[in-house]
Amino acid sequence: MIKGKFIDNLPKVYGLYTGGFLVFIIIMAIAEQAGMTAKMIGIFFVSFTVLIYALIGWLSRTLQTDAYYVAGRQVPTVFNGMATAADWMSGASFVAMAGGIYFKGYGYMALLVGWTGGYVLVASLLAPYLRKFGCYTVPDFIGTRYGGNLARFSAVVVLTVASFTYVTAQINATGTIASVALDIPFEIAVYVGLASILMCSMLGGMRAVTWTQVAQYIVLIIAYLLPVFWISNNIGAGFFPHFMLADEVARIAELEGQFGFVKNSAADLATVPKGLSAITKAHSAVNATPWAFISLAVCMMAGTASLPHVMMRYFTTPSVRTARRSVGWSLFFIFLLYSSAPMLATLSKISLMDPNLATGIIGKSITEVQALDWYQNWNQAKLMFVSDFNGNGTLELNEFFMKGSAVVLATPEIAGLPYVISGLVAAGGMAAAMSTADGLVLAISNALSHDVYYKIINPKAETAKRLIVARVLLVLIGFAGATIAALEIQGILGSVIWAFDFAMSGLFFPLVLGVWWKRANAPGAVAGMLLGLISGTAYLIWVRSGGSGFLGITQLTFGIVGAAVSLVSMIVVSLITTAPDAATQKMVDDVRVPSGKTILGKQH
Amino acid sequence: MSKQEQHWEKTRNLLFITLAIWFVFSIGIFLFGAEMQESNIRPFGYPLTYWFTCQGSLAIFVILIFWFAGRQEKIDDEFGFTEREGDQ
């Protein structure tokens with residue numbers, strides 16, 4: 001059935017895979033009707049999909065550096081788009097974003113604009129030029145363009161800080177899902193998640209991660225869209241929710257007015273489990289001060305263009321032209337999920353709030369709600385909570401608490417869908433978190449093995465030795481990430497936003513000016529990276545420890561401070577030191593033209 | 001002006017146009033969020049600002065990138081800077 005090279009058969013291979021996955025869903029649905037328990041369905045979904053990824057990872061094992069670092073530079077445009085979309089959409093996008101919108105409404109939708117608008121910057125400012133450069137990693141570009149180990153090392157530092165913050169959030173997400181689906185304690189589930197992540201990336205590096213990410217994208221997009229369409233049809237809101245939920249959005253505003261936003265007292269809130277919250281803000285009301293919205297969007301956009309695990313996906317395309325188009329496809333595949341997140345939040349809210357629907361719980365008696373099957377399940381997992389604060393016996397809007405990540409995971413059950421859909425959603429969340437974690441762990445370990453070990457410490461190392469070092473680092477970084485994730489310092493969405501701010505503080509201007517400003521030199525870039533990262537971090541620590549901040553910049557948008565310092569210091573230091581030599585200027589000229597040889601060779 | 005300088009000037013102009021459109025739909029319109037929300041233009045019945053944040057701006061970015069890629073390919077072709085087999 002499959003003849004010839006794997007690359008030529010991609011549509012057929014992934015077509016079969018998608019068909020097989022749909023058949024698996026149907027078999028599970030039949031098994032549920034035949035009496036299979038919810039717990040078993042969850043276990044089947046998560047373990048079956050993870051095993052498939054591990055199989056793909058093993059089949060893609062390699063002993064060549066260009067396959068390990070850049071998947072042999074032969075990933076076709078559309079498939080690279082799918083892989084990037086999976087790489088990009090993390091546990092935060094899949095599990096936490098709809099929850100953020102559910103609780104905070106319009107304000108959190110800045111994330112949607114920020115996480116998509118950033119791709120315009122990627123396509124126009126960076127991706128094609130970095131592809132032409134022919135680097136293996138982002139610090140590889142910085143190190144070669146500016147010259148010198150200090151610049152290279154500074155880039156590795158920024159990359160590690162940003163990606164490591166991000167990866168702990170992803171391992172946290174895999175742990176949350178694995179603990180719910182497999183019914184094991186979170187502290188153990190974190191390491192189960194880690195083992196799955198490492199299986200995908202260890203043997204084949206970028207090549208293995210690419211082909212597992214395509215498979216993960218297919219699972220996660222089916223798992224996200226199916227419940228949205230199903231619930232919308234179920235409650236009669238319209239067969240194509242994206243164009244037909246306006247009445248529901250208006251109805252939510254009406255119900256919010258009716259129930260009112262009652263502020264809970266501090267004493268009452270102390271009884272609520274950690275991390276759970278009630279709806280406190282109107283769903284679609286726009287803030288009178290646009291700055292909060294715009295500053296968050298700006299940080300996410302600049303962060304997108306500076307995050308190395310995304311940028312390195314465009315190193316894997318066959319040419320500059322395909323790199324550019326591939327950015328468009330990436331955003332298209334991301335758009336499919338992101339445009340559905342507000343719809344899911346809307347459907348989830350209306351299902352819970354509307355007394356006319358069978359699923360509505362607000363206004364019902366507390367004992368009735370506490371007797372619901374799904375409430376008991378999610379309450380046991382410490383993701384849901386109700387309490388009769390005012391003692392009137394009925395559940396008010398301010399008395400229903402949920403964890404942000406529960407919105408996506410629990411909505412199918414709340415809306416009365418069969419459990420097979422919940423199992424599917426768990427598998428999708430796992431796919432989203434794993435694919436991003438893989439990209440991040442690989443970005444960090446590649447930077448350390450290629451840029452620090454090979455380029456700085458031991459430039460004479462043989463290929464075999466380099467790849468062993470890369471794999472050992474991969475495992476070490478994974479374990480470090482899992483250990484920190486088990487501590488649960490910050491929520492999933494919060495850590496991810498921090499990662500964007502770190503990346504933006506240190507890398508945005510050194511990357512962009514590296515292509516667009518010939519006069520930029522090594523001392524300037526080093527100053528930009530280090531001062532940007534230090535000032536951003538200092539601002540974060542100041543605000544976290546009770547500082548008042550300035551200009552309305554919060555702990556979620558500290559990247560604005562870091563990037564501003566980075567830009568100013570980079571320009572000032574570049575101008576007071578000597579201009580880059582003729583060879584470097586020539587290199588920048590060559591990068592700006594798609595034709596001709598890459599700056600760095602195929603194997604380097 | 002050399003061929004390469006001309007190519008770069010056109011590329012830079014395309015960048016400015018792309019970033020201007022990007023700026024309008026990622027930052028510009030949200031300065032007027034409250035006013036737009038009250039407007040009578042309601043795509044698919046949604047309030048205007050709400051619609052832009054969850055669909056409109058996102059879709060415009062997708063189209064913008066493909067448009068940009070097409071224009072840049074034309075510029076590269078015009079100066080004969082398109083990659084050929086064996087370049088990489």
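Visitor: How do you know that the length of helix α2 (residues 38–59) of chain A agrees with its number of residues?

Guide: The model is a predicted one. At 1.5 Å a residue, the 22 residues of α2 in chain A should span 32 Å, and the end C-alpha atoms lie 32 Å apart, so the two agree.

Visitor: Which residues of α2(A) are called buried, and what makes them so?

Guide: They are A:I41, A:G42, A:F45, A:V46, A:T49, A:V50, A:Y53, A:I56 and A:G57. A residue is called buried because 20 or more other C-beta atoms lie within 10 Å of its own.

Visitor: What describes the packing of α2(A) and α21(A)?

Guide: Two packed helices are described by the angle between their axes and the distance between the axes. For α2(A) and α21(A) the angle is about 35° and the axes are 9 Å apart. Their crossing is right-handed. Residues making the contact include A:F45 and A:T49 of α2(A), and A:G423 and A:M430 of α21(A). By class, the contact has 14 nonpolar, 3 polar and no charged residues.

Visitor: How many residues of chain A are in contact with chain B?

Guide: In chain A, 47 residues are in contact with 42 residues of chain B. The largest share of that side of chain A, 10 residues, comes from α16(A). The side divides into 28 nonpolar, 11 polar and 8 charged residues.

Terms used
Residues numbered from 1 in each chain as written. Chains lettered and ligands numbered in written order. Predicted model: local features only at pLDDT ≥ 70, side-chain atom pairs only at ≥ 80, totals over all residues. Contact = placed C-beta atoms within 7 Å. Helix = DSSP H or I, 4+ residues; strand = E, 2+ residues; numbered from the N terminus. Nonpolar A, V, L, I, M, F, W, Y, C, P; charged D, E, K, R; others polar. Expected span 1.5 Å × (residues − 1). Buried ≥ 20, exposed ≤ 12 C-beta atoms within 10 Å, placed from the backbone. Axes fitted to C-alpha atoms, helices over the stretch in contact; angles between N-to-C directions. Left-handed = near helix turned anticlockwise from the far one by under 90°.
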